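The entries follow in the order in which I made them.

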Amino acid sequence: MTADDNVTGADAATGDVVAEHKARMDRSGWSADPTVGELQLEDRSSLRRVAGLSTELADITEVEYRQLRLERVVLVGVWTTGTAAQAEASMAELAALAETAGSEVLEALIQRRDRPDPATYIGSGKADELRSVVLETGADTVICDGELTPAQLTALEKVVKVKVVDRTALILDIFAQHATSREGKAQVSLAQMEYMLPRLRGWGESMSRQAGGRAGSNGGVGLRGPGETKIETDRRRIRERMAKLRREIREMKTARDTMRARRTSSGIPSVAIVGYTNAGKSSLMNELTGSGVLVQDALFATLDPTTRRAELDDGREVVFTDTVGFVRHLPTQLVEAFRSTLEEVTGADLLLHVVDGSDALPAEQIKAVREVITDVIKESGTPAPPELLVVNKTDAMGPTELTKLRALLPDASFVSARGGQGIDALRERLAEMLGGLDVEISVLLPYTRGDLLARIHADGRILGSDHEEGGTRVRARVPHALAAALSEYAHAGTTGTQE
């Protein structure tokens, strides 16, 4: 294949993307100019890992920072519970994670055990077999489908003689590659340091070096002593850096809370789009709002929440927020670090739960997402928002699978964000559900408060109005936030009921 052939193939792929984008824009009535998301996707695709150009030192004498170098990998998992189909689906997801991180998957092994081996995770016999597979395939990394203890990592590496990475480190690496905003980068850095702190280790005797005595102190009498070992120094520096990151995230959380409060006070209902990673949340948001949020067929393509305003068919304005996707066994470090981002879920009026209908186990996806949402809402102390289940990617499903899923999820909406099927029906369903969340009020607005009357017209539904001497008497259904802002003008006719 010549260089011209490569250029021709790249131009064809770019043309397909542009054509699809124009078709989507024609359906939504928006401009067909390149969007921010497409430009981000182009930048992300232009960065490729090149094998064989490593500059890592052969003799590492400092603390080993476990930066991933995923090129050719072998996957290994322990099947403890569930069916064989669930175990295979978990390994398939691990392969997708590895490919998203930039690696080439060569082989996958599953060990059936009651529980992971406390020494080597998969047991000594399977570890020897894994070493043989590594030698046969020429792999340079082993990825385990679970979170390994520091002792398990060390013991398994001694047997297989290549770097061992667990599922948590793999997900953290993907997050580090995809984070773009200042808050996202800070959250990922904090999660990486929390994971790395108990796993610091060195090679040989380097970590036992002490900076004490005459060589390590310039303070004279009373200030000389054994001092810190190298690993103690590194741990202290990491803790100091983590404390600084937590302060920065708290400051950024204040700004995010201010923006959320401003949206809430406007009276415009908010819808948080949640779901499993790569379920099509960003694609669905683009269809509903006509925006150009980054869309990529990869796990954790979206890390930074994006908010867009749109108008439903009944004229009601709605704010949609695209959130980070969830996954089975989401690392606790990430849940803690991204807590301020996940709070977008707790403040929403409605959750749009997107499910990948083409997945082999969609019910497992729903369960994993709801577990994370329940934990976040429980800690916030706020009531859980109502949920609308949306099954996406119906164009990739066969008739039999679609019929089974409709029977399993009778209350869900079925759409194809890529093809546009079912989007109009979903808009109607959204308008119906958001209308049911409104509060009926009866207020007497002074003639000087025309701004409040305009907000009722824009964000609510007028049931009746009459001009009196003291002002305009209005009976309407409005969102909760707007009803709170109008409370001082309410009179005995206010019902405060909710359909």
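Entry 1, parallel sheet. I counted two strands as paired if DSSP finds at least two bridges between them. The model I examined is a predicted one. By that criterion I found β1 (residues 72-79) paired with β2 in the parallel sense over eight bridges. Within this pair, I noted V76 opposite L109 in β2. Helix α3 (residues 84-100) packs on the sheet, where I found it touching β1, β2 and β3 (141-144). The direction of α3 makes about 150° with that of β1.

I then traced the whole sheet, which is open, has four strands in the order β2-β1-β3-β4, and shows parallel pairing. I recorded β2 (104-112) and β4 at the edges; each has a single partner strand, so one side of each is left without a neighbour in the sheet. The twist averages 25° from one strand to the next. I also looked up helix α6 (residues 167-178), which lies across β3 and β4 and runs at about 80° to β4.

I listed 17 helices and 13 strands in the protein chain. Of its 499 residues, 46% count as buried. I took the contacts with a separation of 6 or more and found that residues 24 or more positions apart account for 69% of them. The chain exposes about 25,100 Å², of which carbon and sulfur atoms supply 52%.

Entry 3, antiparallel sheet. I found an open sheet of three strands in the order β11-β13-β12, with antiparallel pairing. Here β11 (439-445) and β12 (461-467) stand at the edges with a single partner strand each, so one side of each has no neighbour in the sheet. Neighbouring strands are turned by 15° against each other on average, direction ignored. I counted six bridges joining β12 to the antiparallel strand β13 (residues 472-478). R461 stands opposite R477 in β13.

I next turned to helix α16 (residues 450-459), which lies across β11, β12 and β13 and runs at about 35° to β13. Which residues of α16 are buried? I found L452, I456 and D459. Seen down the axis of α16, these buried residues fall within an arc of 95°, so they line one face of the helix. I found them packed against β11, β12, β13 and α17 (480-485).

I checked the length of α13 (residues 362-380) first: at 1.5 Å a residue its 19 residues should span 27 Å, and the end C-alpha atoms are 27 Å apart, which agrees. I then listed the buried residues of α13 as P362, Q365, I366, A368, V369, V372, I373, V376 and I377. They cover an arc of only 165° around the axis, which puts them on the same side of α13. On the face turned away from this buried side I found the exposed residues K378 and E379. G381 follows α13 and has a positive phi, near 80°.

Entry 5, strands β8 and β9. I found strand β8 (residues 350-356) and β9 paired in the parallel sense over six bridges. The bridge partner of H353 in β9 is L389. I noted β9 as mostly covered, with five of its six residues buried.

Most residues other than glycine have a negative phi. K393 is in the loop between β9 (387-392) and α14 (399-408). K161 also has a positive phi, near 65°, and is a residue other than glycine. I located K161 in the loop between α5 (150-160) and β4 (163-166). Is K161 buried or exposed? At 57% relative accessibility, K161 counts as exposed.

I placed S270 in strand β5 (residues 270-275). With a relative accessible area of 16%, S270 is buried, the cut-off for that being under 20%. What is S270 in contact with, leaving aside its neighbours within four places in sequence? I found V319, G347, A348, D349 and L350.

Conventions: Residues are numbered from 1 along each chain as its sequence is written. This is a predicted model: local features need pLDDT of at least 70, side-chain atom pairs count only at pLDDT 80 or more; totals for chains, interfaces and linings use all residues. Side-chain values use heavy atoms; hydrogens and water are left out. Helices (H or I, at least four residues) and strands (E, at least two) are DSSP runs, numbered from the N terminus. The expected span of a helix is 1.5 Å times one less than its number of residues. Buried means under 20% relative accessible area, exposed over 50%, partly exposed in between (1.4 Å probe, protein chains only). The arc is that of the directions from the helix axis to the C-beta atoms. Contact means heavy atoms within 4.5 Å. Accessible areas come from the Shrake-Rupley method with a 1.4 Å probe; for residues, only the protein chains shown count as cover. Axes are lines fitted to C-alpha atoms, for helices over the stretch in contact, and angles run from 0 to 180 degrees between N-to-C directions.
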